[in-house]
Amino acid sequence: MRKYPSGHQARAELEIDDNFRIGSINDRLFGSFVEHLGRCVYTGIYEPGHPTADQDGFRQDVINLVKELGVTTIRYPGGNFVSGYRWEDGIGPLEKRPKRLDLAWHSIETNQFGLHEMAKWMEKAGSHEFMEAVNLGTRGLQEALDLLEYVNIPAGTKLSDMRRTNGREKPFNIKFWCLGNEMDGPWQIGHKNAEDYGTLAAETAASMRMIDPDLELAVCGSSSHSMESFGSWEEAVLQKTYDLVDYVSCHAYYSPSDGDMASFMASGVDMNAFIKDVVAVIDATKARLKSKHEVNISFDEWNVWYQEAEPSKLPEGIGNWPLAPRLLEDSYSLADAVVFGDLLITLLQNTDRVKAASLAQLVNVIAPIMTEPGGPAWRQTTFYPFSQVAKLARGGSVLKPKLAGSTYWTAKYGNVPEVNAVAVRGIEGSITVFAVNRSLQHPVRFEVVLPEQEQVSSAQAWTLHDDDINARNTLEDTEHVIPRANTSLIRNGRKYNLMLPSVSWNVIRLI
Ligand code: AHR
């Protein structure tokens with residue numbers, strides 16, 4: 001990145017150059033995640049008796065917001081939850097389904113919602129694709145094969161016929177699978193070392209492919225970039241699984257540490273380095289094994305998450321296993337939404353290797369959509385960057401960012417660009433630029449330089465900003481922070497420029 005000398009007004013410039021493309025955007029980049037955790041399912045997407053619930057108990061107010069959000073795949077049913085889950089508990093007549101302890105979240109799981117309900121909900125909420133996770137914590141190979149037989153075999157076997165008896169004639173035809181969840185994490189039920197997990201994942205992948213060779217499988221990478229075993233975990237696991245899998249799962253959550261907001265605003269820098277590091281291990285393994293097979297990244301958990309704060313404290317006590325407790329219900333500020341938008345930009349910038357991603361999570365649990373039991377549903381600040389990118393970038397190609405601009409200093413990452421931005425060329429010829437101003441200090445004048453021959457008949461810009469970086473949307477004030485037209489956009493020949501307020505998320509649409 002070119003730096004501007006200090007003493008000048010903060011500036012950044014993005015040159016649009018169609019000759020340098022990163023790649024076309026996979027629809028799966030706009031996935032999300034529904035875990036049996038807190039109120040994501042119960043009183044989130046599923047609340048029989050709610051004034052907007054349909055005959056299946058699905059909240060229509062939530063379905064409408066999910067449609068507006070524009071999510072594609074849904075990762076299900078966990079998360080840490082899956083490592084103790086018996087999938088058979090969630091099928092068959094509701095009244096026969098057992099109540100179980102959910103050890104991951106110290107709650108009661110009623111199993112009133114399971115595989116069939118999830119599939120039905122996805123059909124109603126906009127034809128999403130399943131990303132189904134198997135339990136490699138308390139269970140293993142046989143149960144994964146049973147689940148696959150149940151969901152993908154048309155008929156004529158014990159488990160496929162059981163599915164038909166349970167009301168689903170046609171197979172679910174689930175192609176996209178996670179081989180466990182965060183198996184490197186000591187908190188994971190059935191946590192394993194890399195050697196043991198690699199062996200189990202390889203056996204499970206090979207056997208699952210004997211049932212359905214067309215599956216796409218994601219193997220667990222490190223549960224964060226900062227894990228002590230990061231790198232060596234990926235190396236050991238890929239050594240055993242490389243030719244059997246298609247994706248390495250990456251997970252990353254960000255929050256300010258010790259009040260260091262400057263570094264927090266630059267969290268995208270870490271996500272970018274994380275992706276490059278994982279790609280390096282993937283490609284080194286490919287070279288070592290002399291493989292022709294390609295493995296990419298599924299960034300299947302990403303978000304801002306205040307893990308140490310009150311909402312993430314688990315219930316405690318042998319007699320205390322609440323039903324759908326309020327857990328991980330982070331309320332997101334403007335600053336959080338800008339970091340979130342920067343993470344989205346970073347995913348787009350790596351679209352050549354990040355072929356799938358899941359925003360963790362969808363409703364109530366570190367989520368863009370919040371609900372009150374019996375009450376309304378509303379959009380958090382983070383809703384807007386996601387919905388705008390999903391709507392305006394889907395189907396397009398990401399151009400290599402030729403970005404120059406002023407920088408600021410952070411304790412964690414040294415000097416970082418104040419503005420991060422990316423341009424997407426739509427199939428219909430539009431250009432959409434997504435940009436964040438990470439600076440806590442000042443606005444930045446941002447210029448988009450178009451190719452020589454570019455014809456533009458309409459130019460619009462929207463900005464998500466508030467003078468208070470802690471501003472948020474709440475039950476009492478659901479539309480406090482919303483994107484507004486940025487009227488500073490002006491044209492000067494083949495350049496468009498506008499002011500990006502400090503701590504802001506911005507979209508520039510040129511058609
Ligand atoms: O998304 C919340 C939790 O974060 C998931 O259950 C787990 O996989 C991760 O640690």
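How much space lies in the second largest cavity? In this predicted model, residues are numbered from 1 along each chain as its sequence is written, and side-chain values use heavy atoms, with hydrogens and water left out. Local features need pLDDT of at least 70 and side-chain atom pairs count only at pLDDT 80 or more, whereas totals for chains, interfaces and linings use all residues.

The second largest cavity holds about 70 Å³ of space, where a cavity is a set of points, on a 1 Å grid over the protein atoms alone, at which a 1.4 Å probe fits but cannot get out, and lining residues have an atom within 4 Å of a point; a volume is the space filled by probe spheres set on the points, which are joined across faces, edges and corners. Its lining includes Pro-77, Trp-87, Glu-132 and Arg-139, and the elements that give two or more residues to this lining are β7 (129-134) and α3 (141-152), helices (H or I, at least four residues) and strands (E, at least two) being DSSP runs numbered from the N terminus.

Among the residues that line the largest cavity are His-36, Tyr-42, Trp-105 and Pro-325, while the largest share of the lining, three residues, comes from strand β6 (residues 107-109).

Gln-142 lies in helix α3, and its C-alpha atom is separated by 23 Å from that of His-36, 106 residues apart along the chain.

Methods: 1 Å grid on protein atoms, 1.4 Å probe; cavity = no way out; pocket = protein on both sides within 12 Å on 5 of 7 lines; lining within 4 Å.
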